[in-house]
Amino acid sequence: MLKKAGKDIPTKSGTKTNPKSQKEVPDQMLDKASKEIPTTSGTKSQIMMRLEKMEDMQQLFEHEELGIVVIHTYIWYMYDTLMRGTELCNRFNFIAASRINTTFITKNPTSVMNELVDRFMVAGDNTTPSLYFLPFNSGNGGHWVLVAMDLSRLMVYYLDSLPGDWSKYPSMKKTVDAAILKFRSKKNYRNRKDITWVRVQCPQQNNSIDCGFFVLRFMRDIIALNRIDIPKMYFDEYKSYSRAHLDEMKDELCQFIIDHRII
């Protein structure tokens with residue numbers, strides 16, 4: 001359990017919590033949510049069965065490769081449940097996977113680079129550490145990886161649930177690097193050093209379909225722990241992911257869809 005320290009700050013619920021232990025904020029929310037959501041433990045919960053007719057969500061229920069709709073809906077869930085009304089909104093940002101992927105980079109790399117720059121410009125000065133999460137797809141429903149960018153420290157973290165690093169996607173790396181440097185130039189920031197890419201030794205999938213689930217879980221855990229600096233050997237709390245870790249996310253998302261009347 002994380003220790004408390006420092007003064008209180010308001011949360012979205014109006015209660016007070018501890019800012020120096022901000023990683024405790026999403027942890028507490030997740031703990032509360034998990035008590036209200038029936039677990040699956042390998043079987044479908046009642047919540048999941050209620051949503052089975054949603055075509056886009058079949059990937060979730062049947063544990064298939066995830067598409068952009070599920071990825072974006074779970075990002076919405078994380079923002080609304082973990083971040084809204086807290087300082088976490090200043091520390092974590094999301095970039096739409098539908099706009100930045102291998103397919104678009106191949107067609108028009110300059111346009112994609114400018115899209116990234118525009119997204120960076122919207123979020124403020126970026127002089128304090130924060131992370132931009134980019135769930136990146138290799139194209140045509142292919143492999144998902146997570147690219148997490150810290151613009152203030154010129155750090156890019158690469159999380160892949162399969163072996164290998166960013167060299168598998170040279171056009172993606174070139175586009176991300178160019179966008180970061182162009183953003184800093186537009187802001188008149190001094191480019192103190194080269195951009196550093198870090199291949200995080202994150203949990204690995206043991207099949208051919210779990211990459212999307214792992215990318216969502218990577219973001220969820222980084223936010224829950226409130227960590228801008230991602231350890232190269234990943235977090236001690238999450239050295240591996242079991243099927244129960246992935247099923248937990250399914251129920252969270254299903255409950256969110258019902259609560260917000262998305263269907």
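Which strands does helix α8 (residues 211-225) lie across? In this predicted model, in which local features need pLDDT of at least 70, side-chain atom pairs count only at pLDDT 80 or more, and totals for chains, interfaces and linings use all residues, helix α8 lies across β3, β4, β5 and β6, running at about 25° to β5. Residues are numbered from 1 along each chain as its sequence is written, and side-chain values use heavy atoms, with hydrogens and water left out. Helices (H or I, at least four residues) and strands (E, at least two) are DSSP runs numbered from the N terminus, while contact means heavy atoms within 4.5 Å.

The strands form an open sheet of 5 with the order β3-β4-β5-β6-β7 and mixed pairing, two strands being paired if DSSP finds at least two bridges between them. Because β3 (92-94) and β7 (196-200) each have a single partner strand, they stand at the edges, and one side of each is left without a neighbour in the sheet. Strand β6 (residues 155-159) runs parallel to β7 and is joined to β7 by 5 bridges, with Val-156 having Trp-197 in β7 as its bridge partner.

Helix α4 (residues 68-83) lies across β3, β4 (131-137) and β5 (144-150), running at about 155° to β3; axes are lines fitted to C-alpha atoms, for helices over the stretch in contact, and angles run from 0 to 180 degrees between N-to-C directions. Helix α8 also packs with helix α9 (residues 243-259) at an angle of about 80°, their axes being 10 Å apart.
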